[in-house]
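Subject: A structure for you to look at

Hi,

Here is the structure I promised to pass on. Please open it alongside this message, and then read on for what turned up.

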Amino acid sequence: MTTSEPAPAPAARNEDIEGRPDSEQQVPQEGSVPADSAQTDSAQTDSAQADSAQTDPPGGESVRPAPAEHGEPAAEPSIVTVGAPAADGADLGAVGHSGYDVVIGSGLLSRLPGMVGAQAERVLVIHPRALRATGDVVREDLEKAGYQALVAEIPDAEEGKHIQVAAFCWQVLGQNDFTRSDAVVAVGGGAVTDVAGFVAATWLRGLRVVHMPTTLLGMVDAAVGGKTGINTAEGKNLVGAFHQPAGVLADLDTLLTLPRNELVAGLAEVVKCGFIADERILEIIEESPEQVQNPHSRQLREVIERAIAVKAAVVGEDFKEAGEREQLNYGHTLAHAIELAERYQWRHGAAVSVGLIFAAELARSLGRLDDPTADRHHSILQSLGLPTTYRDDRWNQLLEGIRRDKKNRGDQLRFVLLNGQGMPATVEIPDASILFATYQEIAESVSGTSVSL
Ligand SMILES: NC(=O)c1ccc[n+]([C@@H]2O[C@H](COP(=O)([O-])OP(=O)(O)OC[C@H]3O[C@@H](n4cnc5c(N)ncnc54)[C@H](O)[C@@H]3O)[C@@H](O)[C@H]2O)c1
Ligand SMILES: [Zn+2]
């Protein structure tokens, strides 16, 4: 399939969680040029951003520290270290990098120079149009800290993950004489950390990059682990590089402006981490499903910290997805097939939610997973308002997507399944008929007609 095909209308069911407004979902058309990319003239040395009517969404202006709620003192940031402890001159460890810190808390901007490092003279801040004000604040702070700071404003969401956007950023780096000791700072969701990480990975074969994720998905997933990438006309994330960040600043204040649907979608990845490794995450959500959707709450902060710790532990052991890292794909085999079938109209987290249900039911059918743990998938995801079913008239398309999954070996289909709470394993599925039977259990009738394998 090509990503330039017109998208079908999104399913009406659960559209508030699944769908995105059209302007935010298009994978870039081949040959399209971001409006910004004309503006790489060296006359605009202090900013490469284009004119745009778009600004930050209402309700928040920047990642500056927000005052603590109701006079409570702001909690101290927590730090999760990925790989070997970060230290000056540290040797590259077995994982192929020296380790880095993910700092989680509020008002973290003052920590940015420490992560950018003293060697850098120039810093390029890459952000989407929707986060212009935040990008400007980050640039100003870097300038105050003594760096020559530039801004590259890129198209929002998936439109930013385009080769011409990367080329625009390379042009800015080139025209402003960035050397290998200079740095990139990514401010935005997973789309921005992916493309900015890719730009940093490729410019002079590798600049330092600091990620400042501003979505829940970015914090618990995209910004941690060093996978970077862009889309091509043939599909999502087909071009990329492994490039570990110098550090990650997960400033919870940025979540105050995040649309609720984006936050809830990100929680699907958090739930995934709960099932594969940390049951306490599940307990916190069960105790207060509303509070984990509140960006001010200590519950949300705790599940974010725990989910990052789960991801950090896995990627610290398996830098390049040779083995252990596969468990992070729990729920993702069907999720990717749904995303493909929906032409990426669904939020990733919504698709992951259905994929988690499918994986739980498959493991139950195979006699691997106990009933209470399988049932818990339904109750937790439903309590967050995430989708747990998918239309029954798309099985053939889904199976095609499942067959493309990168975990497969030859004709052998492979799924990450649970053998119990916190016990993920990659399992070979000998016969697609069991997948179909499981799918019928979770499918929702949209047509009233029966489906065939
Ligand atoms: N590299 C990895 O390991 C990895 C892992 C998971 C996902 N990803 C990638 O991440 C991308 C999805 O990331 P995402 O879900 O963060 O989506 P996104 O980056 O597209 O952001 C979603 C929307 O929220 C807006 N936004 C971001 N922060 C905001 C804020 N604080 N306030 C208001 N609006 C804000 C964005 O402008 C965008 O419109 C996909 O491209 C996916 O392939 C990468
Ligand atoms: Zn995911």
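First, a term for the ligand: a residue counts as near a molecule or strand if its C-beta atom, placed from the backbone, lies within 6 Å of it. Some bookkeeping too: this is a predicted model, in which local features need pLDDT of at least 70 and side-chain atom pairs count only at pLDDT 80 or more, while totals for chains, interfaces and linings use all residues. Residues are numbered from 1 along each chain as its sequence is written, and chains are lettered from A and ligands numbered from 1 in the order in which they are written.

**Around the ligand**

Ligand 1 is surrounded by 30 residues, and the closest are Ala157, Gly189, Gly190, Ala191 and Thr215. Two or more residues of this shell come from each of α5 (190-202), α6 (216-222) and β8 (235-242); helices (H or I, at least four residues) and strands (E, at least two) are DSSP runs, numbered from the N terminus. By class, the shell has 10 nonpolar, 11 polar and 9 charged residues. In that count Ala, Val, Leu, Ile, Met, Phe, Trp, Tyr, Cys and Pro are nonpolar, Asp, Glu, Lys and Arg are charged, and the others, Gly among them, are polar.

**The chain as a whole**

The protein chain has 14 helices and 13 strands. Of its 453 residues, 50% are buried, where buried means that 20 or more other C-beta atoms lie within 10 Å of the residue's own, exposed means 12 or fewer, and partly exposed is in between, with C-beta atoms placed from the backbone. Among contacts between residues at least 6 apart in sequence, 75% join residues at least 24 apart; a contact here is two C-beta atoms, placed from the backbone, within 7 Å.

**Strands β3 and β4**

Strand β4 (residues 148-154) has 6 of its 7 residues buried, so the rest of the structure largely encloses it. β3 (residues 122-128) and β4 run parallel and are joined by 7 bridges, and strands pair if DSSP finds at least two bridges between them. One of these links is between leucine 124 and its bridge partner in β4, leucine 150. Together with helix α3 (residues 132-144), the two strands make a right-handed β-α-β unit. Right-handed means that, with the strands pointing away from the viewer, the path from the first strand over the helix to the second runs clockwise.

Glutamate 153 is worth a look, as it is found in β4. Glutamate 153 counts as buried because it has 28 C-beta neighbours inside 10 Å. Glycine 135 is 18 residues away from glutamate 153 in sequence, and their C-alpha atoms are 8.3 Å apart.

In helix α8 (residues 279-287), the buried residues are Ile281, Leu282, Ile284 and Ile285. Seen down the axis of α8, they fall within an arc of 160 degrees, so they line one face of the helix; the arc is that of the directions from the helix axis to the C-beta atoms. The face turned away from this buried side carries the exposed residues Arg280, Glu283 and Glu287. The buried residues of α8 pack against α7 (260-276), α9 (298-317) and α12 (371-383).

Helix α14 (residues 432-442) has Leu435, Thr438 and Tyr439 buried. Their arc, seen down the axis of α14, is within 105 degrees, so these residues also line one face of the helix. They are covered by elements including α11, α13, β12 (424-429) and β13 (443-444).

Helix α10 (residues 332-341) is mostly covered, with 10 of its 10 residues buried. Its cover includes α11 (348-365), β10 (390-391), α13 (395-403) and β11 (413-418). Arginine 343, which follows α10, has a positive phi, near 50 degrees.

**Some single residues**

Leucine 108 sits in the loop between β2 (100-105) and α2 (112-116) and is buried, with 21 other C-beta atoms within 10 Å. Leaving out residues up to four places away in sequence, leucine 108 touches Pro77, Val103, Leu249 and Asp251. Leucine 249 is 141 residues from leucine 108 in sequence, yet the two are 6.7 Å apart, C-alpha to C-alpha.

Leucine 204, in the loop between α5 and β6 (208-213), has a positive phi of about 50 degrees although it is not a glycine. Asparagine 237 lies in strand β8, and its phi is also positive, near 55 degrees.

Best wishes
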